[in-house]
Amino acid sequence: MTKAFLAVNGGQGAASARVRELVENLTGQAVNALVRNRPNGGTFHIEDIQDQVELALMRSGEHDVARAYVLPGQGRRCPAGTRAERDRCRRAPPAGPG
């Protein structure tokens, strides 16, 4: 999550106490949501973690950071969307030339 803030705010964002506090708070929100959904423990899939982080960022108004978190870098070919849409895109064969 910190890397997404850095992508949006630049290097000075890492030194910002506000960003550090916000990342800590949002991480706590994501963890609480995951644990709440699995009170007996179990395995957390990476997509579930990513979804909860994205939701926490969006709910806090950090829309640009959420976009940077979901689409880290220009080379990604799968657009943001629901988990099912992202899974479908990842399974799709690469587009050929033309």
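Asp64 has a relative accessible area of 48% and is therefore partly exposed, where buried stands for under 20% relative accessible area, exposed for over 50% and partly exposed for the values in between, as computed with a 1.4 Å probe on protein chains only. The model is a predicted one, in which local features require pLDDT of at least 70 and side-chain atom pairs are counted only at pLDDT 80 or more, whereas totals for chains, interfaces and linings draw on all residues. Residue numbers start from 1 along each chain as its sequence is written, and side-chain values rest on heavy atoms, with hydrogens and water left out.

The protein contains six helices and zero strands, these elements being DSSP runs numbered from the N terminus (H or I over at least four residues for helices, E over at least two for strands). Along the sequence, the pattern accordingly reads α-α-α-α-α-α. Of the 98 residues of the protein, 24% count as buried. With a contact taken as heavy atoms within 4.5 Å, 38% of the contacts between residues at least 6 apart in sequence join residues at least 24 apart.

Three salt bridges are present in the structure, a salt bridge being a side-chain nitrogen of Lys or Arg within 4 Å of a carboxyl oxygen of Asp or Glu. One of them involves Asp64, which pairs with Arg67 at a distance of 2.7 Å between the closest N and O atoms. Arg67 and Asp64 are three residues apart in helix H5, so that about one helical turn separates them; Arg67, at 47% relative accessibility, is partly exposed.

Another salt bridge joins the side chains of Glu62 and Arg18, with an N to O distance of 3.8 Å. Because Glu62 lies in the loop between helix H4 (46-59) and helix H5 (63-70), while Arg18 belongs to helix H3 (residues 17-37), this pair ties together parts that are 44 residues apart in sequence. Glu62 counts as buried, at 17% relative accessibility, whereas Arg18, at 48%, counts as partly exposed.

A further salt bridge is formed by the side chains of Asp48 and Arg38, again with 3.8 Å from N to O. Asp48 is located in helix H4 and Arg38 in the loop between H3 and H4, so the parts tied together by this pair are ten residues apart in sequence.

In soluble globular proteins, nonpolar side chains tend to be buried together. The largest nonpolar core of the model comprises 13 residues, and Phe5, Leu26, Leu57 and Val65 have the most contacts inside it. Helix H1 (2-9), H3, H4 and H5 each contribute at least two residues to this core, and H3, with five residues, gives the most. Such a core is a set of buried Ala, Val, Leu, Ile, Met, Phe, Trp, Tyr and Cys residues that are joined through side-chain atoms within 4.5 Å. When residues up to four places away in sequence are not counted, Phe5 touches Gly10, Val19, Leu22, Val23, Leu26, Leu57, Glu62 and Val65.

The packing of helix H1 was examined against two other helices. H1 and H3 pack at an angle of about 140°, with their axes 10 Å apart; axes are lines fitted to C-alpha atoms, for helices over the stretch in contact, and angles run from 0 to 180 degrees between N-to-C directions. H1 and H3 are therefore oblique to each other, as angles under 35 degrees count as roughly parallel, those over 145 as roughly antiparallel, those from 65 to 115 as roughly perpendicular and the rest as oblique. H1 passes H3 in a right-handed crossing, and the contact is made by Thr2, Phe5 and Asn9 of H1 together with Arg18, Val19, Leu22, Val23 and Leu26 of H3. A crossing is right-handed if the near helix is turned clockwise from the far one by less than a right angle, and left-handed if anticlockwise.

Against H5, H1 packs at an angle of about 115°, with the axes 8 Å apart, and this crossing is right-handed. Ala4, Phe5, Ala7 and Val8 of H1 make the contact with Asp64, Val65, Ala68 and Tyr69 of H5.

Gln52, in helix H4, is buried, with a relative accessible area of 15%. Apart from residues up to four places away in sequence, Gln52 touches Ala30, Ala33, Leu34 and Asn37. Thr27 is part of helix H3 and is partly exposed, with a relative accessible area of 35%; the C-alpha atoms of Thr27 and Gln52, 25 residues apart along the chain, are separated by 9.1 Å.
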